[in-house]
Amino acid sequence: MVRVGVVVGSLRKKSFSKQVATNVASLFAPGYETEYLEIGNLPLFNQDYEGELETPAEYTEFRKKVSELDAVLFVTPEYNRSIPAVLKNALDVASRPYGENVWSGKPAAIVSVSPGALAGFGANHHLRQVLSFLNMPVVQQPEAYIGNIYELLDENGKLNEDTTQFLQTFVDTFTDLIKRYNA
Ligand code: FNR
């Protein structure tokens, strides 16, 4: 079984990003299992946790979970043209201590979600920049910018047919990338 971690950059209960993540997670072929990673419980990163202060148990657990994954799917909203702090915090936590970056080498895919027409372009590309430094190979094409999200989800949180078809192509490209790196 190939383990794909799903990281959502919103803690909001009725988050559009979470709803999109659920749709995307359902598109993986048999043989892939998706697992949501909790990031809202991680204390704000403080480098003193690498020395003077005891490492929070949540950090240890999160780093272990990430290290056991074969790939990571990021689904995120955009906050002020960048990624939400909660997502950046999680990225930072599992990148440390220096030399023990557990994201490294894991294939990744990014979906940005927004009620606006720009579809989280800024967040999508800021995240790409961070994942590049974390040494994660990322799906380049197709890019997944899911804008005008109000119009795409029905009352049960299901995406419309066209968007689902597009995301199926996106997931298939992602699984091709995963196969290349985990062969
Ligand atoms: C936003 N929102 C937003 N949207 C966008 O397209 N670009 C942006 O730069 C921002 N900036 C921003 C900052 C902050 C602090 C908040 C709270 C919101 C709106 C945002 O897309 C909207 O609230 C989404 O519903 C958030 O995603 P979830 O929680 O539905 O997944």
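Q: Hi! How many of the residues of strand E4 (residues 108–113) are buried?
A: Six of its six residues are buried, so E4 is mostly covered. Buried means that 20 or more other C-beta atoms, placed from the backbone, lie within 10 Å of a residue's own; 12 or fewer makes it exposed, and in between it is partly exposed. Strands (E, at least two residues) and helices (H or I, at least four) are DSSP runs numbered from the N terminus.

Q: Good to know. What should I keep in mind about the model and the numbering?
A: This is a predicted model, where local features need pLDDT of at least 70 and side-chain atom pairs count only at pLDDT 80 or more, while totals for chains, interfaces and linings use all residues. Residues are numbered from 1 along each chain as its sequence is written.

Q: Back to E4, then: which residues point which way?
A: Ala108, Ile110 and Ser112 point one way, and Ala109, Val111 and Val113 point the other.

Q: And how does strand E3 run relative to E4, parallel or antiparallel?
A: E3 (residues 71–76) and E4 run parallel, joined by five bridges. Pairing here takes at least two DSSP bridges between two strands. Phe74 stands opposite Ile110 in E4. Between E3 and E4 the chain passes through helix H3 (residues 85–93), in a right-handed β-α-β crossover. Right-handed means that, with the strands pointing away from the viewer, the path from the first strand over the helix to the second runs clockwise.

Q: How many bridges are there between E4 and E5?
A: Three, and E4 pairs with E5 (residues 144–146) in the parallel sense. Val113 has Ile146 as its bridge partner in E5. From E4 the chain goes through helix H4 (residues 121–133) to E5, and this β-α-β crossover is right-handed.

Q: Switching to Phe74, what does it touch?
A: Leaving out residues up to four places away in sequence, Phe74 touches Val7, Ala108, Ile110 and Leu127. Contact means C-beta atoms, placed from the backbone, within 7 Å.

Q: Why does Thr76 count as buried?
A: Thr76, found in strand E3, counts as buried because it has 28 C-beta neighbours inside 10 Å. The C-alpha atoms of Thr76 and Val113 are separated by 6.0 Å, though the two are 37 residues apart along the chain.

Q: Last topic, the ligand: which residues come nearest?
A: Ser10, Ser15, Ser17, Pro77 and Ser114 come nearest, of the 16 residues around the ligand. To be near, a residue needs its C-beta atom, placed from the backbone, within 6 Å of the molecule or strand.

Conventions. Contact = placed C-beta atoms within 7 Å.
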